[in-house]
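Here is a short briefing on aromatic contacts and a surface patch. Keep the structure open as you read.

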Amino acid sequence: MRRTFNHFLYLLAGLPAAVAWFGLLLAGWLAAALLAVTPLLGPVLVAFRWATRGLALGDAALARGLLGRDVRVPAAAPTGRGYLNRIRGTLRDGAFWQQQAYGAIRTTAGFGAGVAAASAVGGSLYLVFLPVYYCWVDQWQVHSLGRAFAAVPVGLAALGVSALLVRALARALAGAARGLLGSGAGAAAPVAAAGGAGPRRTGLREHAAAYGLVGVLCVLVWALTTRAYFWPVWPLLGLGVPLAVHALVVRALALPRRWRGVAIDAGTLGVVAVFLVAAWAVTSRGYFWPMWPIIAFVLTAGAHALAVRRGALERRIDVLETTRAGAVDAAESELRRIERDLHDGAQARLVALGMSLGLAEQRLAEDPSSARRLLEEARAGAEEALRELRDLARGIHPPVLADRGLEAALAALVARSPLPVDLEVRLPLRPPAAQETAAYFVAAEALANASKHADASHVGIRVGRVDGTLLVRVEDDGRGGADAAGRGLRGLAQRGEALDGTVRVTSPAGGPTVVEAVLPCGS
């Protein structure tokens, strides 16, 4: 009972909150439109942003205090310095748009929910207490105490339905607040646990059932009193708005976070547009005045979508610039390694080989036995230099990988490993060359680290392809504690990021160490 009362207070608080949100959104965007070509646009947008966040903080406090939902509004993102930077930062702030989307819900569905809750509870209590004051009212021709008491069971039943309606509407608005204003992990846990397999969907079913019961009750009252004008159409339309927004919120919360605000904003405007068209159809059916607010709704939703799309593209550009820089760094590091290996290994041996051949040529006539020893040393040096060049070429790109694919290359890698390795490769189709190379070097680096540093006794390598991604998992039973920021593992991460993938290292002290790579490679 106390929880239902808190829910009822939350819905009633939505009436002044709806007025405040409507005034803020109207004044904010009207001022921004009027001052768009003046230097005052920047201060107006910044003030609008902070006022929107202030109302969002107030609604979040209501949700925490009355509904027990841990709704936490995130800190405002910095906009940078300068006039243009402040305007760009404000318009690119996803939280700002989500808070406005919530304000639109609070203005429309929140106001309707508050009116519906107050009307349902007030009407139910009116029937329950009708025996007290039936003498002073002239309603439904109730002129005796018996008839007044006959209305009490109807009022109690209506009060039970109203309680279900109140809780469903409050849950819907709380879900919108949690999805758009931000959430924490505190008091919401018991609600989620109690909800089982989806409290939002259960609330939607309850809401729809309550809507149906209220609609049936209104039609019955109309049928028992007067059939002159079908007035239940108005409560049905009014209560249908919060129900439609409730369903919309449930659907929108399953979308990626950056598109939730757009979906709820556009959907809410669409619901309001349908309501206006229905009101026009029920009344005069003359001049089609709803087309003007519908045009405004379409422009508003389109501007919101374009702003979010532009912000997503700019964030994508930032990610690409970061990954490109990482790929360039990784390539430069690889070039330096190749130069160092050539200079310290094969080049030194080839220089020594030339010197040995020169000495052998000088001593061939005077001391054939000494020249023979120098030639034997030169041959051994040539073999060693050839081996080092072969290993260097394998480190750059193993030939077997290009010729026979990833499975054969990993099998050759496992055959050279000093550790026992379980290899499982499930690739019905051969991945693209870039992803194949990245997967090979992830496995090679992880296997090398396990044999050199982890004191492992066993390694497992699993490679597969799922839903357009190439998955590589290397797990060893070593001592753990691998540094993901080390040069080798960091190079792998940069190689994966350059392909829009991720390389994650999990290595707690005591093991095991798990290196997982997820590389997009198309369908």
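Tyr287, Phe288, Trp289, Met291, Trp292, Ile295 and Leu299 make up a nonpolar patch on the surface. Together they have about 730 Å² of accessible area. The model is predicted.

**Surface patch**
- Isoleucine 295, one of the patch residues, is found in helix H11 (residues 291-363).
- Isoleucine 295 has a relative accessible area of 41%, so it is partly exposed.
- Phenylalanine 288, also listed in the patch, is partly exposed because its relative accessible area is 32%.

**Aromatic pairs**
- The structure holds five aromatic pairs.
- In one of them, the ring centres of tryptophan 29 and tryptophan 97 are 5.7 Å apart and the planes are at 25 degrees, so the pair is stacked.
- Tryptophan 29 lies in helix H1 (residues 2-34) and tryptophan 97 in helix H4 (residues 94-128), so this pair ties together parts that are 68 residues apart in sequence.
- Tryptophan 29 is partly exposed, at 31% relative accessibility.
- Tryptophan 97 has 11% relative accessibility and counts as buried.
- Tryptophan 280 and phenylalanine 288 form an edge-to-face aromatic pair, with 4.9 Å centre to centre and 90 degrees between the planes.
- Tryptophan 280 counts as buried because its relative accessibility is 18%, under the 20% cut-off.

**Cluster and charge over a ring**
- Trp29 and Trp97 also belong to one aromatic cluster with Phe48.
- Arginine 106 lies over the face of tyrosine 10, at 4.7 Å from the ring centre.

Notes: Residues numbered from 1 in each chain as written. Predicted model: local features only at pLDDT ≥ 70, side-chain atom pairs only at ≥ 80, totals over all residues. Heavy atoms only, no water. Patch = residues over 30% accessible without salt bridge, like charges linked within 9 Å, V, L, I, M, F, W, Y side chains within 5 Å. Areas by Shrake-Rupley, 256 points an atom, 1.4 Å probe, with all protein chains shown as cover. Salt bridge = Lys/Arg side-chain N within 4 Å of Asp/Glu carboxyl O. Helix = DSSP H or I, 4+ residues; strand = E, 2+ residues; numbered from the N terminus. Buried < 20%, exposed > 50% of the residue type's maximum accessible area, 1.4 Å probe, protein only. Phe/Tyr/Trp six-rings, centres within 6.5 Å; stacked < 30°, edge-to-face > 60°. Lys NZ or Arg CZ within 6 Å of the ring centre and 35° of its normal.
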